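Thanks, everyone, for making the time this morning.

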Amino acid sequence: MSTKRKTVAVHAGAQLTGSRSQPVVPPIHVSAVSFFDNSDELDAALDGKDYVYSRIAAPNAALLEEAVAALEGAEACVAYASGMAALRAVFDVLNLKQGDVVVMPADGYGVTRSLFKNLAARIGARIEALILSDASAPERIVALRPKLVMAESVTNPLLRVPDIRALSRACREVGAALAVDATFPSPYGQRACELGADYAIQSTTKWLNGHSDALGGTVSGSREKMAALRAARLLGGDVLGPFEAWLTLRGVRTLPVRMKAHCEHALHVAKRLSESPLVARVHYPGLPEHPDHAVAEQVLEGGFGGMVAFDIKDASRPDCFRFLEKVKLARAAPSLGDVCTLVMHAASASARRMTPEERQAAGIGESLIRVSVGLEDPDDIADDLLAAVSEAMKR
């Protein structure tokens, strides 16, 4: 089969291994348990060689894993019940110990940082927060000699873009594992494993699903690394349910078409926002003035993503809350990747679990709004956002 992403998205994960049946749409396999007349076949199934108990392996999750691995350009993939479960699985499988260092983005997703801080505290590991898009980040990684570097392809919510290839070289030099949360660009926009990541993580709830109707997460990488994750999942039970896997795979089929439009719309909206005197700053890597524009051109494919962030000029938290109440087309919701436009106040949502000091160090101010740009007419989206800003800032 072709390795081109549009073809892979439509056809990968369509048929269970060992079956000659070829349904156009895979059925939903709801049975948690199967049986065998032959005891040897049952014994083999308990080692994961067939489907016998859905905590070990399940047909719909397996089809999704095959599709996501193909999209990521990875050897294998393991699916989880949520993106956070996928992130925790990577942390846990590395068996970190007291004194080990974990590097994280200082300007990344606040919930990931909170999770890793809690996990690290339990074992006496140390979290070091860096701006990984800074040119000095690889040198800092080498000096710190971490066991794990947890990066984001495009940071949430400030949309900074680190050079994953440079981070990978630094990690290789000191023997650190490099995990990349590539949710913002999706596999359409970046294949993190091909840039040197050991683990490419997706919150499939977002762009891969595309319709806000199924939670999920995936980790992709080498067969060896995914085998370790799969063995740990068997004991931990963080499995993805059949309906969620089926709905997500349905979303995968249209990922390239949707992402192309999301990227085009986001660039248009970013340009419109940058023209408004009510907007202090627009954060979008597709704009030439973005500090990481040149890097983004090298590490992102097919566009600069469907996410935009902007600071409302002189806005306070109450002003931003009024903005959320004034939008009419967009919906105020703490997620992203839907066909409809979603907006949120970053400091009280994605960065909610960060301390005020951490938000200040990251540059996440009270005036920052994050936008997941939908598939509506891009001028309608921009008009709605600008009208809401105007209404919110009336004194």
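Predicted model: local features only at pLDDT ≥ 70, side-chain atom pairs only at ≥ 80, totals over all residues.

Let me start with Asp 380, which is partly exposed, since its relative accessible area is 43%, and which has its place in helix H15, the run covering residues 378–392. How far apart are Asp 380 and Val 269, in sequence and in space? In sequence they are 111 residues apart, while their C-alpha atoms are 9.3 Å apart in space.

Now to the salt bridges, of which the structure holds 19. One of them pairs Glu 391 with Lys 394, whose side chains meet at 2.9 Å, taken from N to O. The two partners fall into separate classes of accessibility, because Glu 391, at 36%, is partly exposed, whereas Lys 394, at 53%, is exposed. Elsewhere, salt bridges with shared partners tie Glu 65, Arg 230 and Arg 233 together into one network.

The side chain of Arg 126 forms a salt bridge with that of Glu 128 at a distance of 2.8 Å, N to O, and Arg 126 itself counts as partly exposed, with a relative accessibility of 39%. Arg 165 and Asp 163 also meet through their side chains in a salt bridge, here at 3.4 Å from N to O. Arg 165 is partly exposed with a relative accessible area of 30%, and Asp 163, at 22%, is likewise counted as partly exposed; buried would require a value under 20%.

Which residues gather in a patch of negative charge on the surface? They are Asp 37, Asp 40, Glu 41, Asp 43, Asp 47 and Asp 50. To take one member of that group, Glu 41 belongs to helix H2, which spans residues 39–45, and Glu 41 is partly exposed, having a relative accessible area of 46%.

Is His 293 buried or exposed? His 293 counts as buried, because its relative accessibility is 15% and the cut-off for buried is under 20%. This histidine is found in helix H12, made up of residues 293–299, and a polar atom of the His 293 side chain lies 2.8 Å from the backbone oxygen of Pro 285.

Asn 156 and Pro 157 are joined by a cis peptide bond, with omega at about 20 degrees, and Pro 157 sits in the loop that runs between strand S4 (148–152) and helix H7 (164–174).

The other two places concern phi. Asn 95 is not a glycine, and yet its phi is positive, at about 50 degrees; this residue lies in the loop between helix H4 (83–93) and strand S2 (101–105), and Asn 95 is counted as exposed because its relative accessibility is 65%, where exposed means over 50%. Arg 145, again not a glycine, has a positive phi of about 50 degrees. Its place is in the loop between helix H6 (137–144) and S4, and Arg 145 is exposed, with a relative accessible area of 53%.

That is where I will stop, and I am glad to go back to any of these residues.

Conventions. Residues numbered from 1 in each chain as written. Heavy atoms only, no water. Salt bridge = Lys/Arg side-chain N within 4 Å of Asp/Glu carboxyl O. Buried < 20%, exposed > 50% of the residue type's maximum accessible area, 1.4 Å probe, protein only. Patch = residues over 30% accessible without salt bridge, like charges linked within 9 Å, V, L, I, M, F, W, Y side chains within 5 Å. Areas by Shrake-Rupley, 256 points an atom, 1.4 Å probe, with all protein chains shown as cover. Lys, Arg positive; Asp, Glu negative; His and termini not counted. Charge placed at Lys NZ, Arg CZ, Asp CG, Glu CD. Helix = DSSP H or I, 4+ residues; strand = E, 2+ residues; numbered from the N terminus. Polar contact = N/O pair within 3.5 Å; in protein donor to acceptor, adjacent residues only side chain to side chain.
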